[in-house]
Amino acid sequence: MKQSGLTAISMLMVLIISAFLALFAFKVVPEYVENYYNVAGLKALGADNPNLAKMSTKEIKKAMSRYYSINNVRSEGSKQIEVVRNSRNVLVINEYESRVNLIANIDLVLRFKNVLDSDNPDDCCKAAE
């Protein structure tokens with residue numbers, strides 16, 4: 001009779017790989033959730049303010065701060081709001097890096113760049129390079 005199945009070493013390798021993937025997910029997913037709220041804040045800013053180009057920098061930052069306060073967003077990325085004014089539009093840029101310690105001295109660096117263009121608020125938040 002022929003036996004089939006995993007050997008003890010194969011089973012151990014499957015468990016190690018599964019544990020690593022679970023650790024990776026537990027460390028990285030919360031950062032992407034925070035970025036989701038940063039993007040949602042920019043989208044809400046564009047949707048709620050049709051005259052975004054006429055708002056002052058202080059008003060824009062205050063509106064974003066209010067959104068983050070209401071939705072309990074506390075990441076450092078939410079504080080990285082930059083307003084760039086051109087002759088025809090306003091860009092609200094949320095660009096930041098997040099470092100996550102994975103194992104011992106191994107860190108992951110996650111970069112996020114979200115851009116809201118006052119001319120195209122529906123196309124938020126794709127970074128225009």
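This is a predicted model: local features need pLDDT of at least 70, side-chain atom pairs count only at pLDDT 80 or more; totals for chains, interfaces and linings use all residues.

Leu45 belongs to the largest nonpolar core, a set of 20 residues in which Leu42, Leu45, Ile60, Val92 and Leu116 touch the most other members. At least two residues of this core come from each of α1 (8-48), α2 (57-70), β1 (81-85) and β2 (90-103). In soluble globular proteins, nonpolar side chains tend to be buried together.

Turning to the charged side chains, the structure holds two salt bridges. In one of them Arg88 pairs with Asp119, and the closest N and O atoms lie 2.6 Å apart; this pair links distant parts of the chain, with Arg88 in the loop between β1 and β2 and Asp119 in the segment after β3 (106-117), 31 residues apart. Arg88 counts as exposed because its relative accessibility is 60%, which is over the 50% cut-off, whereas Asp119, at 38%, counts as partly exposed.

The side chains of Glu97 and Arg111 also meet in a salt bridge, with an N to O distance of 2.9 Å. Here strand β2 contributes Glu97 and strand β3 contributes Arg111, so that distant parts of the chain, 14 residues apart, are linked. Glu97 counts as partly exposed at 46% relative accessibility, while Arg111 counts as exposed at 67%. Side chains of opposite charge can pair when their charged atoms come close.

Methods:
Residues are numbered from 1 along each chain as its sequence is written. Side-chain values use heavy atoms; hydrogens and water are left out. A nonpolar core is a set of buried Ala, Val, Leu, Ile, Met, Phe, Trp, Tyr and Cys residues joined through side-chain atoms within 4.5 Å. Buried means under 20% relative accessible area, exposed over 50%, partly exposed in between (1.4 Å probe, protein chains only). Helices (H or I, at least four residues) and strands (E, at least two) are DSSP runs, numbered from the N terminus. A salt bridge is a side-chain nitrogen of Lys or Arg within 4 Å of a carboxyl oxygen of Asp or Glu.
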